[in-house]
Amino acid sequence: MTHSLISPAIFYWGTPVVLVTTTNKDGTPNISPISSAWWLGNRCILGLAGNSQTTMNLLRTKQCVLNLPDHTMVSNVNALARTTGTEDVPESKINRGYRYEKDKFKIAALTPQSSIMVTPPRVRECPVQMEAELVEMHQLMKDGPSELKGALLAIEVKILQTHIIDVLRMNGHANRVDPDKWKPMIMSFQRLYGLRDGELANSTLAEIDEESYRLLSCPKEES
Ligand SMILES: Cc1cc2nc3c(=O)[nH]c(=O)nc-3n(C[C@H](O)[C@H](O)[C@H](O)COP(=O)(O)O)c2cc1C
């Protein structure tokens with residue numbers, strides 16, 4: 001097996017899509033699709049851009065819901081892609097074709113469902129919903145150029161309670177998910193997959209050129 005060097009602009013090797021709901025200053029809900037998320041114990045680490053509405057809402061209110069879409073929800077995720085709840089759309093997002101959307105539930109044909117322990121609503125159509133609260137925030141790339149400081153954050157949230165649809169439960173167990181039944185949506189290099197062969201459908205996000213993500217500190221490897 002021969003390996004050769006590449007210098008990827010992104011390292012999105014395949015992680016589950018999460019629809020993070022938060023509460024805006026005016027009390028309305030916001031939804032953001034993300035995929036930089038992993039769990040350990042009852043904690044989840046979220047990788048978020050510092051200038052996202054979700055990040056601002058989460059740091060201000062300390063609450064969110066992590067809603068997991070399954071592999072059938074591609075059209076909902078594509079409808080949310082390249083939108084932001086930030087009225088004054090940051091230049092980096094304008095350059096990638098993002099637009100402001102006030103009512104993301106509506107444009108994505110999703111339904112808000114009241115949470116129990118937190119203010120942000122759950123997404124009714126998502127088979128898994130985790131109510132969570134912020135524990136800690138860590139700035140990435142403190143060692144990098146000054147313009148990148150605060151641009152990307154790793155946010156630790158604590159899962160307060162988890163809701164799942166009954167069909168995902170493992171028979172005979174009160175607190176287990178049956179992995180044979182759970183079909184997460186996986187984002188790999190901006191495209192959307194399920195736990196089967198092939199892309200689910202065209203990904204709106206993948207219309208963005210990967211090179212537009214390249215950081216100044218990561219020069220291209222010449223072929
Ligand atoms: C499938 C998918 C995965 C994404 N993953 C992330 C991610 O892990 N972290 C992030 O900050 N943005 C991610 N984005 C981009 C955000 O959705 C985007 O920044 C959006 O504008 C955030 O919305 P907000 O500004 O209303 O919070 C992803 C988008 C899509 C469609």
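## A walk from the sheet to the ligand

Start with β1, β13 and β14: these three strands make an open, antiparallel sheet in the order β1-β13-β14. Strands here are DSSP runs of E with at least two residues, helices are runs of H or I with at least four, and both are numbered from the N terminus; two strands pair if DSSP finds at least two bridges between them. β1 (15-16) and β14 (191-193) are the edges, each with a single partner strand, so one side of each has no neighbour in the sheet.

Before you go on: this is a predicted model, in which local features need pLDDT of at least 70 and side-chain atom pairs pLDDT 80 or more, while totals for chains, interfaces and linings use all residues. Numbering runs from 1 along each chain as its sequence is written, and side-chain values use heavy atoms, without hydrogens or water.

Now select residues 186-188, which are β13; this strand pairs antiparallel with β14 over three bridges. Pick Ile186 and you'll find its bridge partner in β14, Tyr193.

Gln53 has a polar backbone atom 3.0 Å from an oxygen of the ligand, and a polar backbone atom of Gly47 is 2.9 Å from a ligand nitrogen.

Key. Polar contact = N/O pair within 3.5 Å; in protein donor to acceptor, adjacent residues only side chain to side chain.
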